[in-house]
Amino acid sequence: MTLTRSQFTSLRACNLTRRFGGLTAVNDVSLDVDVGTIHSVIGTNGAGKSTLINLLCGELTPTSGEVLINDASIGGWSQQRRARAGVGRTYQRNNVFAPLSVMENCRLAAQARMPRAWHLHEAAQHCAASNELAAAALEHAGLTHCAMRIAGTLSHGQKRQLEIAMCLAGEPTILLLDEPLAGMGPEETARMLELLQSLRAEHAILLVEHDMDAVFATSDVVTVMVDGAVIASGTSDEIRSNRAVQSAYLGTADVE
Amino acid sequence: MTLATFLVQCLNSMQYGLLLFLVASGLTLVFGIMGIVNLAHGSFYMIGAYLAYSLTALTGNLFVALALGLVLSLIFGYLLEWVFFSFLYERDHLQQVLMTYGLILVIEELRSILIGDDVHGVAVPAFLAGSISIGNDMLYPVYRLFVSAACVVLALALYWLIRKTRVGMKIRAGASNREMAQSLGIDIGLLYRVVFSLGFGLAVMSGMLFAPVSTVYPGMGAQMLIVCFLVVVIGGIGSITGAFVAALLIGFVDTFGKVLWQEGAGIAIYLLMAVILLVRPAGLLGERAAR
Amino acid sequence: MTFFTRRRAWSASNWTLFLLALAAAPAILDGGFELELLSKVMIMSIFAASLQLLVGCTGLVSLGHAAFFGVGAYATALVVPQAGAANLVATLAFAGGIAMLFAVVIGLLVLRTRGIYFIMVTLAFAQMLYYVVHDGKGFGGSDGTYLYFKPVVGMFGKTWVDLTDGRAFYWSVLAVLVFTLGVLWVVMRSRFGHALAGIRHNEQRMTASGYPVFLYKLASFAIGGALAGIAGSLYAFQYGFVNPELFSWHQSGNVLLMVILGGPGFGGAIAGALVFVLLSDWLSELTKHWQLIFGLLIIVSVAALPLGLTGGVAACHAAIERLCARRRGAPVKAAPKEERAL
Amino acid sequence: MIFDSAPKFRLAFVSLVLACANGAAQAQAPSAEPLKVGVMLPFTGTYAPLGVAIENGFKLYVQQQGGRLGGRTIDYVRLDDESDPSKASENASRLVKRDHVDVLLGTVHSGVAMAMAKVAKDTNTLLIVPNAGADNVTGPLCAPNIFRTSFSNWQPAYAMGKVAASKGAKRVVTLTWKYAAGEESVRGFKEAFEAAGGKVVDELTVPFPNVEFQAQLTQIAAAKPDAVYVFFAGAGAVKFVKDYADAGLKDKIPLYGAGFLTDGTLEAQGDAAQGLLTTLHYADGLTTARDQGFRLDYAKTYKLQPDVYAVQGYDAAQLLGAGLVAVKGDMTQRDAMVRAMEQAKIDSPRGPFVMSKAHNPIQDIYLRQVKGHENRVVLVAAKGLADPARGCRMN
């Protein structure tokens with residue numbers, strides 16, 4: 001499995017559509033992310049951004065359309081299979097194991113990739129491999145100093161970092177980040193952006209975000225969604241100057 | 001099996017199914033909207049039956065008893081929710097199971113202390129006492145047909161209440177999303193109380209209505225409860241329509257199971273459930289298996 | 001159940017103390033009814049602990065666990081020789097195996113559902129098995145059937161211990177209890193066990209991290225079933241009589257009661273079993289309406305002790321405050337998750 | 001945890017130890033001490049009224065003997081078996097092993113009786129079954145220390161088989177709950193009926209304890225047999241009799257049943273039961289002085305009308321008395337006592353009977369007809385009928 005994952009370099013969505021009864025949450029969306037790039041998706045609330053992520057990571061199945069990794073369709077793959085294959089995601093709302101220590105949170109995430117998970121003889125705490133992964137992930141996310149704290153007691157910003165750390169602990173090549181900056185103060189934001197930059201090199205990052213400046217500062221490609229559909233896609237500058245976007249979205253963005 | 005017999009059996013299936021629906025509707029209502037797993041629902045049904053017995057003995061007329069019972073049950077259900085359930089919604093299902101399990105024991109024992117352990121019959125009001133002949137072999141008691149009709153009426157009334165009235169709108173809002181309902185300025189506490197007493201009322205009503213045909217005896221709730229669970233599971237949680245379909249389905253499977261496959265009559269309906277689970281884990285008309 | 005049973009309700013010393021007390025019991029009691037009662041307590045403890053694995057550790061609230069207890073008991077009753085003693089260990093293994101088989105098959109179906117739905121479906125399947133043994137051919141019908149001989153412990157045809165003696169049987173039950181706790185302890189400290197705890201607490205996240213959640217649940221369900229089957233087998237041996245009522249949903253309800261009232265951890269399960277058996281034993285002699293008292297006790301304990309017996313005074317206070325708060329009409333804070341879920 | 005449970009724990013221990021200690025003390029001295037009778041009957045649930053009647057009957061006889069049997073006063077250890085087989089083994093062994101009763105008396109529910117028989121066998125305690133009709137108890141499970149003063153399911157059914165045939169029925173449909181008692185009863189009926197040249201054309205069953213009979217009633221109406229034989233008791237009996245009448249079958253197809261169909265249920269069944277024919281080892285309107293005397297005393301003592309269950313309890317006491325008198329109350333002479341009980345001629349309100357080899361009454365079975373709230377005797381359907389006791393290997 002590790003073999004294949006190392007080969008993964010891109011995630012592509014082809015004409016993804018998802019309907020809930022009457023309303024169409026995601027409407028014929030196509031985009032792709034490659035290792036070494038940050039692809040941001042922006043849009044008003046309810047534009048279908050989170051649904052898109054759920055479709056990509058397999059939590060939801062699309063009504064129509066395809067998800068491809070390196071041009072190979074993974075439509076039939078379950079969420080956990082995709083995850084093990086290297087598709088990692090974070091959640092818009094903090095979704096960590098509150099009663100666990102930060103370290104344990106990460107170890108639990110790392111364990112998922114360990115072979116021989118059914119070996120009962122050794123205690124989980126003593127599983128060297130997952131401990132290393134967890135430690136590395138914390139290091140990367142800059143949480144090492146509070147590794148032993150109970151996750152529930154972390155500040156909001158730290159929880160967001162932990163989200164990413166847990167995601168990293170699974171050694172994904174493709175990161176689907178759902179508003180990692182939501183509700184963060186300026187310096188926390190700065191730290192997070194640093195982290196993203198440092199991840200860019202060997203990861204393909206799909207970033208769903210509200211914070212315009214952050215998006216335009218970091219992204220290679222920006223895609224704009226309105227009512228589930230893509231109205232524009234391009235570099236930051238193109239998007240800034242795109243009239244449709246301005247009328248549909250940026251106009252309101254200032255108000256936000 | 002001749003055609004005539006077949007048709008009569010279908011009739012039997014129908015009226016058994018309709019009864020099941022009436023009992024189960026209260027259960028599924030409380031499930032779907034309040035997310036409460038109520039093991040005591042069968043006991044509520046039993047309360048109904050015993051109410052029918054003692055009130056008819058008191059008033060001498062089943063229908064006066066029914067009217068009284070309806071009022072009583074609505075009030076009692078309201079109080080019951082307030083005392084025993086109002087603080088359970090934030091707890092997980094375990095606590096609800098425990099609470100309702102405790103209620104079962106208490107209700108059974110109170111019944112035994114207050115009314116005793118004897119088996120009782122309830123007289124059918126004179127003008128419904130007769131039977132009409134079906135086919136040329138068999139008479140069919142008018143009262144059974146009356147009960148079925150009553151079930152249909154109640155079913156329609158329920159449908160109308162949920163689909164067409166303001167209360168129903170609120171109920172559905174509460175079912176789909178608590179927060180949203182609250183933000184709409186609906187007093188969720190009050191709403192739940194109303195829904196619960198409605199569910200309680202339905203259980204008691206069906207108990208009273210069916211008392212004359214089912215006879216009144218200790219432990220009559222337990223069997224009913226489990227079959228109701230099947231109805232809800234097969235129909236899909238919270239779906240009244242689903243419950244209706246499922247109840248009729250069970251009615252048919254049970255009746256024809258008894259006739260065509262006696263050895264397995266006991267497990268026929270459970271096999272039905274297993275099959276449904278296999279093909280539709282969320283039940284026939286249930287959208288949300290995950291709760 | 002606290003996460004990973006880290007903040008364990010019982011310390012290691014308490015455990016040894018408790019087990020030693022049990023081991024010493026026959027010294028105080030003659031081999032009569034009291035000893036039988038105690039070994040019943042232990043059998044129920046095994047049963048409750050097996051359910052705790054599902055409810056407390058994996059978050060699967062099963063109201064049909066008696067099914068596997070019954071399967072174990074009937075498997076035993078049907079496999080033991082009509083004339084002559086059976087081999088205890090072999091029979092237990094067989095009963096556990098059969099129960100596990102049932103658990104896997106049933107699990108494949110019921111684990112497709114969640115929450116309330118799961119509660120009802122498990123109940124229904126237990127009821128289904130009730131009718132299978134009640135109406136089926138060769139199960140002894142509604143009156144049940146006998147086991148004519150107590151088993152022996154031995155190997156290769158040699159008998160080491162004959163369990164017709166009350167004490168010997170008592171000690172072998174204790175041994176099985178220790179074995180069970182050992183298994184559960186190993187499971188819960190392993191990666192597998194931690195994953196179960198993770199699933200109980202946040203299934204969505206576990207799936208997102210790449211865990212085959214369904215498989216893990218199924219495995220947990222199977223282990224729980226197997227242990228319940230072993231308990232059932234011991235029950236059959238102790239009383240030499242099995243009856244369809246072993247499948248009845250009251251049995252499932254009672255064991256769930258033990259687990260919930262007992263509170264977090266396998267210690268809680270055992271405490272629950274101990275108190276439940278002794279209490280019902282004591283109450284039932286007190287008054288014929290003991291179930292009324294029992295029911296009221298349950299209701300009160302739900303209102304007052306969201307954490308079960310082992311939950312302790314603090315939780316009790318908290319619960320009461322919450323009650324008062326909502327009486328005053330103040331918005332009720334949901335109890336924090338780790339407090340709420342056992 | 002252990003610390004707050006420890007007190008409870010120790011307390012339990014102590015009380016248990018004490019209990020067994022004084023129990024042992026009483027077991028020592030023979031005839032001087034009162035005789036301990038473990039009364040294990042249902043005092044809650046559907047069967048509660050039966051349990052009470054049996055106990056009353058038993059105590060009535062003891063009273064009439066001046067509170068003594070074979071010179072020994074009686075201590076009763078009451079225990080409610082709740083008709084729950086899953087608790088039965090424990091309850092029975094509680095009476096035997098903790099309370100050290102000399103005699104077990106019980107019970108109504110067959111499954112529970114099976115558990116009691118098992119304990120009685122294992123501990124060689126004297127057991128008298130005052131109701132449960134499971135054929136097994138005096139069949140494969142028969143033992144020197146197990147007696148029954150009621151009936152075996154086979155007995156009334158067999159008698160009714162003969163009656164049905166004698167009334168000229170040729171094709172009969174049987175219906176019962178799918179459980180042991182029902183199936184045994186049907187087997188008994190079939191044996192006699194087909195021996196007399198009749199034919200059981202269909203054996204219908206309903207899952208226990210399901211009380212929805214419409215499907216079967218429809219089948220019966222379609223099959224148009226000469227008669228229907230059913231075995232139901234309690235709630236099932238009430239509901240079936242009413243449904244049968246409501247379906248208009250009562251006047252078309254004669255309904256025969258084992259006596260329990262109309263015993264203790266007539267008030268609830270009302271008109272639907274009028275004129276029904278059932279067979280049992282007891283009936284209303286027996287003109288014997290013995291019966292009338294018994295009924296009078298019973299009514300005086302308990303302000304209740306006695307029923308068959310009271311009689312069975314009463315005879316249980318008689319049987320025990322016979323044994324105790326023979327050994328002057330010395331239970332240690334078990335063999336002599338058992339022999340005396342085997343040879344005893346019980347002068348029962350139902351009419352005199354003796355024990356079969358398998359310790360089941362050899363008794364007359366009456367054909368009764370429902371009149372008002374009574375099962376009036378019509379005639380003796382089978383004289384001195386003994387259960388075949390199949391599978392009983394004793395002496």
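1. Helix axes here are lines fitted to C-alpha atoms over the stretch in contact, and angles run from 0 to 180 degrees between N-to-C directions. Helices are DSSP runs (H or I, at least four residues), strands likewise (E, at least two), numbered from the N terminus.

2. A word on the source: this is a predicted model, where local features need pLDDT of at least 70, side-chain atom pairs count only at pLDDT 80 or more, and totals for chains, interfaces and linings use all residues. Residues are numbered from 1 along each chain as its sequence is written, with chains lettered from A and ligands numbered from 1 in the order in which they are written.

3. Now to chain B, where H1 (residues 3-34) packs on H10 (residues 240-260) at about 140°, the axes being 7 Å apart.

4. Chain D meets chain B through 33 of its residues, against 29 of chain B. On the chain D side, H7(D) gives the largest share, 7 residues. Other contributors of two or more residues include helix H2 (48-64) and strand S8 (199-206) of chain D.

How values were computed: Contact = placed C-beta atoms within 7 Å.
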